[in-house]
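Dear colleague,

Please find below the structure that I promised to pass on. My notes on what was found in it follow directly after.

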Amino acid sequence: MNITKSFTRITLPLLISISGSVSASGLPTTYVPDGGSTGNYVAAVKAVSGDGVSLIGLLAGAALLFMACAVLGNSFWDVYKGKKTIVELGTTIVLGAAILVIGLLLISVATNIF
């Protein structure tokens with residue numbers, strides 16, 4: 001017997017039973033923006049734009065984290081090559097952590113505005 005056929009015979013019923021139980025579980029309902037159901041289009045646009053601003057803020061935070069990690073990796077590589085000292089690496093770590101904390105704090109405050 002082929003291993004692929006026996007694997008399919010075992011896993012296919014298992015996957016079907018799992019997918020049935022997941023779809024039957026109590027999932028949350030969809031989010032209706034404020035004013036969307038009552039016909040208040042100004043409130044609906046404000047709610048949707050607030051979500052967009054939050055998304056842009058979260059993307060900016062992810063970019064901030066990515067850039068801080070890239071700078072830290074570059075600084076570590078320079079220490080490995082002998083171009084910088086450990087003190088400069090420590091300074092980069094401290095300043096990068098401070099920038100990350102301040103940036104993420106500002107992003108969390110900005111998302112609470114909407």
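**What was found**

Helix H2 has 41 residues and reaches 60 Å from its first C-alpha to its last, close to the 60 Å expected at 1.5 Å a residue, where the expected span is 1.5 Å times one less than the number of residues in the helix. Helices here (H or I, at least four residues), like strands (E, at least two), are DSSP runs numbered from the N terminus.

Before going further, please note that this is a predicted model, in which local features need pLDDT of at least 70 and side-chain atom pairs count only at pLDDT 80 or more, while totals for chains, interfaces and linings use all residues. Residues are numbered from 1 along each chain as its sequence is written, and side-chain values use heavy atoms, with hydrogens and water left out.

As a whole, the protein has 3 helices and 0 strands, so that the pattern read along the sequence is α-α-α. Of its 114 residues, 14% count as buried, a word that means under 20% relative accessible area, with exposed meaning over 50% and partly exposed in between (1.4 Å probe, protein chains only). On the H2 side the buried residues are Ala44, Ala47, Gly50, Ser54, Gly57, Gly61, Ser75, Asp78 and Val79, whereas in H3 they are Leu89, Gly96, Leu100, Gly103 and Ile107. The end C-alpha atoms of H3 are 41 Å apart, which agrees with the 40 Å that its 28 residues should span at 1.5 Å a residue.

Ser54, in helix H2, is buried because its relative accessible area is 19%, and its C-alpha atom is separated by 8.7 Å from that of Asn112, 58 residues away along the chain.

The last part of H2 deserves a separate look. Asp78 of H2 is buried yet has no salt bridge, and the nearest side chain of opposite charge, that of Lys84, is 4.0 Å away; a salt bridge is a side-chain nitrogen of Lys or Arg within 4 Å of a carboxyl oxygen of Asp or Glu, and for charge Lys and Arg count as positive and Asp and Glu as negative, with His and the chain ends not counted. Leaving aside its neighbours within four places in sequence, Asp78 is in contact (heavy atoms within 4.5 Å) with Lys83 and Lys84. Just after H2, Gly82 takes a positive phi of about 90 degrees.

With kind regards
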